[in-house]
Amino acid sequence: MQSLWMLVACAMFALMGAFVKFAADYEANMPQIILFRGLPSVLLIFFWARYHKKSLRPLSWKAHLLRNGFGVSSMWLGFTALSMLPLSTAISLNYTAPLFIGVWMLFFGGTQRDPIRIIAVLLGFFGVLAVLRPSINAHDLPYALLGLLAGSCAAVAMMQIRQLGRLGEPEWRTVFIFSCFVCCTGLLALGYLGWPHIHWQAYAALAGVGISGLFGQLAMTRAFGLGSTLLTAVLQYSTIIFAAGLGIAIWSDVPDTIAWGGMLLIIASGLISAWRTYTEDRIMQGQVSSR
């Protein structure tokens, strides 16, 4: 089943989060981490597109600018949270995008009386509280808020990705343009801050960020492109489980019972939101095809 590629993507993204923490521990700065995250995708997709004579020109610059403005902001915020918080906590907060999409749909999407959407939002809200309560101290609270802000920006970016799909923009071009924006912001920040001297361990971690992020992106694109949309959306939350396992194995960050419960609530919120969005899309497609 092609949707099972999402499990590969989730393992890669959890590993990428671990490499982000390693790179920060070895004194690589955030612009370097951001640059190495985007560079492999830019190079691979560029040469692939040239070889197959495919156009890199987007169908709508406006849609891409909105998607990348929020998507790149989410990456900067999320990576900053990853560098400072326990891996499972940071990943859980980064995966609150469906919670924010649910809130948006409740107030602005014409689904205010949808009880399923309300349940999803409430589960996600209590899940965030449960994750934060046992895991976050006063020093880490600002980084936790950055993680939540990353989730909210990712929600807007995800809605724009759906819009790009409706416009007929292929996934590979969307990934390429996003990666170009990622690299540009990293280079601009490095131009201001300079390239700090780092040791080989930091470069190894930076390479791990880029390679794991690239393979995660490719596996995720294959899963969404060829597999079941609903099953793929469900499987993406296994990233939280992979991240928790890596956090325990590498840093001995063992979440307590309340934190585990919060992660499960965030996962449940995302699953319900994904299922509801999928069923609404199927209903809309049925209405269009019957006309």
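A: Here's a quick tour of the chain, and then a close look at one helix pair. The model is predicted, so local features need pLDDT of at least 70 and side-chain atom pairs count only at pLDDT 80 or more, while totals for chains, interfaces and linings use all residues. Residues are numbered from 1 along each chain as its sequence is written, and side-chain values use heavy atoms, leaving out hydrogens and water.

The protein chain has 12 helices and zero strands (helices are DSSP runs of H or I with at least four residues, strands runs of E with at least two, numbered from the N terminus). Of its 291 residues, 47% are buried, meaning under 20% relative accessible area with a 1.4 Å probe, protein chains only. Take the contacts with a separation of 6 or more: 88% of them join residues 24 or more positions apart (contact means heavy atoms within 4.5 Å).

Now zoom in on α2 (residues 30-51) and α3 (residues 61-84), which pack at about 120 degrees with axes 11 Å apart (axes are lines fitted to C-alpha atoms over the stretch in contact, and angles run from 0 to 180 degrees between N-to-C directions).

Who actually touches? From α2 come M30, P31, I33, I34 and R37, and they meet M75, W76, F79, T80 and S83 of α3. By class, that's seven nonpolar, two polar and one charged (Ala, Val, Leu, Ile, Met, Phe, Trp, Tyr, Cys and Pro are nonpolar, Asp, Glu, Lys and Arg charged, and the others, Gly among them, polar).

Note on methods:
Buried < 20%, exposed > 50% of the residue type's maximum accessible area, 1.4 Å probe, protein only.
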